[in-house]
Amino acid sequence: MIATPAWPPASLPRLFVDEALSEGRTLTLDGAQANYLGAVMRLRAGDQVKLFDDRTGEWLAELSDVGKKRVTLSVGQRLRERESVPDLWLLFAPIKRGRIDWLVEKATELGVARLVPVVTRRTIVDRPNLDRLRAHAIEAAEQCERTALPELVEPQKLETILASWPADRALLFADEQGGEPLAAFAAAPAAILIGPEGGFTNEERAAIRAIPQARSVSLGPRILRADTAALAAVAIWMGAAGDWGRHALR
Ligand code: SAM
């Protein structure tokens, strides 16, 4: 028996727009988004796309006018509500461009709720380019069908973060010197803390361990690169306490 094709097709182009969507709204896109729809995807008036706004969910929209620099769309029915993202933050010391871009992209795909760059003694990049990182998060969310973007916050110093750490949030400290398996502490709300390529200093390690919400966790006997460690830790947490286990087949 031939299966009924899913509607709307999963292959429809999907874009984030930074304004609240609602049925019947007319919307004009320009710049890179107009170029993507018109020149790259070669869409024409009458073609459909999916839009999400990180506020109201995901919507079907129809192109009504396609120009070289501007595309006008009419918003149709809502396809999905904005999702509830597992309550996991990823705290990471900024690393080199390329690797940090990859980290943000993959953490978004894996389902992280908040991304927090942390400045430590051995951090090599004090001021990561947040606009570029946000663009990577948006692109990843568009591709992986998230309806909620991860929150990307300004870089903060490690001591500032530790001084006001929320009482109810576990701080899973990825400690290359050893700890318990991460899965043993996988529960929400939580945050994973990953150090820079040079690791944490002994003073930093002691300050982290001193807060009652901190748990030293091990990612095995090998020293992983910071980006590998971050994504391995997120994957373990998501598999045990996130939303990987309750996804219905499409
Ligand atoms: N220079 C450090 C050293 O040689 O010990 C290695 C730092 S590692 C490249 C960067 C960060 O990844 C660490 O600070 C830690 O947070 C995390 N990490 C790497 N391997 C880990 C492991 N096996 N267990 C726990 N955390 C690990």
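Me: Let's start with the overview. How many helices and strands are in the chain?

Reply: The chain has six helices and 13 strands. Its C-alpha trace spans about 60 × 45 × 30 Å along the principal axes. Do keep in mind that this is a predicted model.

Me: And how much of the chain counts as buried?

Reply: Of the 250 residues, 45% count as buried. As for the surface, the chain exposes about 13,000 Å², and carbon and sulfur atoms supply 50% of that.

Me: What share of the contacts comes from residues 24 or more positions apart?

Reply: Take the contacts in the chain with a separation of 6 or more: residues 24 or more positions apart account for 73% of them.

Me: Now strands. What should I know about side chains in a strand before I look at pairs?

Reply: In a regular strand, side chains alternate between the two faces of the sheet. With that in mind, look at strand 3 (48-52) and strand 4 (58-66). They pair in the antiparallel sense over five bridges, and V49 stands opposite A61 in strand 4.

Me: What do strand 3 and strand 4 form, and which residue in the turn has a positive phi?

Reply: They form a hairpin with five residues between them, and the residue in the turn is D54, with a phi of about 65°. D54 has that positive phi although it is not a glycine.

Me: Where does strand 4 go next, and how many bridges join it to strand 5?

Reply: Seven bridges join strand 4 to strand 5 (residues 70-80), and the two run antiparallel.

Me: I'd like to see a peptide bond worth checking. Which one is cis?

Reply: Go to the bond from A188 to P189, which is cis, with omega near 0°. P189 sits in the loop between strand 11 (180-181) and strand 12 (190-194).

Me: How do I read a residue in a loop? Where is Q213, for instance?

Reply: Start with its place, then its cover, then its partners. Q213 lies in the loop between helix 5 (202-210) and strand 13. At 14% relative accessibility, Q213 counts as buried. Leaving aside neighbours within four places in sequence, Q213 is in contact with W165, P166, A167, R169, A170 and L171. The side chain of Q213 also reaches the backbone oxygen of P166 at 3.2 Å.

Me: What about P166 itself; where is P166 found?

Reply: P166 is in the loop between helix 4 (158-163) and strand 10 (170-174). At 25% relative accessibility, P166 counts as partly exposed. Not counting residues up to four places away in sequence, P166 touches W89 and Q213.

Me: Last, the ligand. Which residues come nearest?

Reply: Of the 19 residues around the ligand, A174, L219, G220, R222 and L224 come nearest. By class, the shell has 10 nonpolar, five polar and four charged residues.

Me: Which polar backbone atoms are listed with ligand atoms, and at what distance?

Reply: One oxygen–backbone pair involves A174, at 2.7 Å from a polar backbone atom. An oxygen atom of the ligand is also 3.0 Å from a polar backbone atom of G195. For G198, a polar backbone atom is 3.5 Å from a nitrogen atom of the ligand. As for cover, the ligand taken alone exposes 580 Å², and the protein buries 84% of that. The elements that give two or more residues to the shell are strand 13 (214-218) and helix 6 (226-241).

How values were computed
Residues are numbered from 1 along each chain as its sequence is written. This is a predicted model: local features need pLDDT of at least 70, side-chain atom pairs count only at pLDDT 80 or more; totals for chains, interfaces and linings use all residues. Side-chain values use heavy atoms; hydrogens and water are left out. A residue is near a molecule or strand if one of its heavy atoms lies within 4 Å of it. A polar contact is a pair of N or O atoms within 3.5 Å; within protein, one must be able to donate a hydrogen and the other to accept it, and residues adjacent in sequence count only if both atoms are side-chain atoms. Accessible areas come from the Shrake-Rupley method with a 1.4 Å probe; for residues, only the protein chains shown count as cover. Helices (H or I, at least four residues) and strands (E, at least two) are DSSP runs, numbered from the N terminus. Ala, Val, Leu, Ile, Met, Phe, Trp, Tyr, Cys and Pro count as nonpolar, Asp, Glu, Lys and Arg as charged, and the others, Gly among them, as polar. Buried means under 20% relative accessible area, exposed over 50%, partly exposed in between (1.4 Å probe, protein chains only). Contact means heavy atoms within 4.5 Å. Two strands pair if DSSP finds at least two bridges between them.
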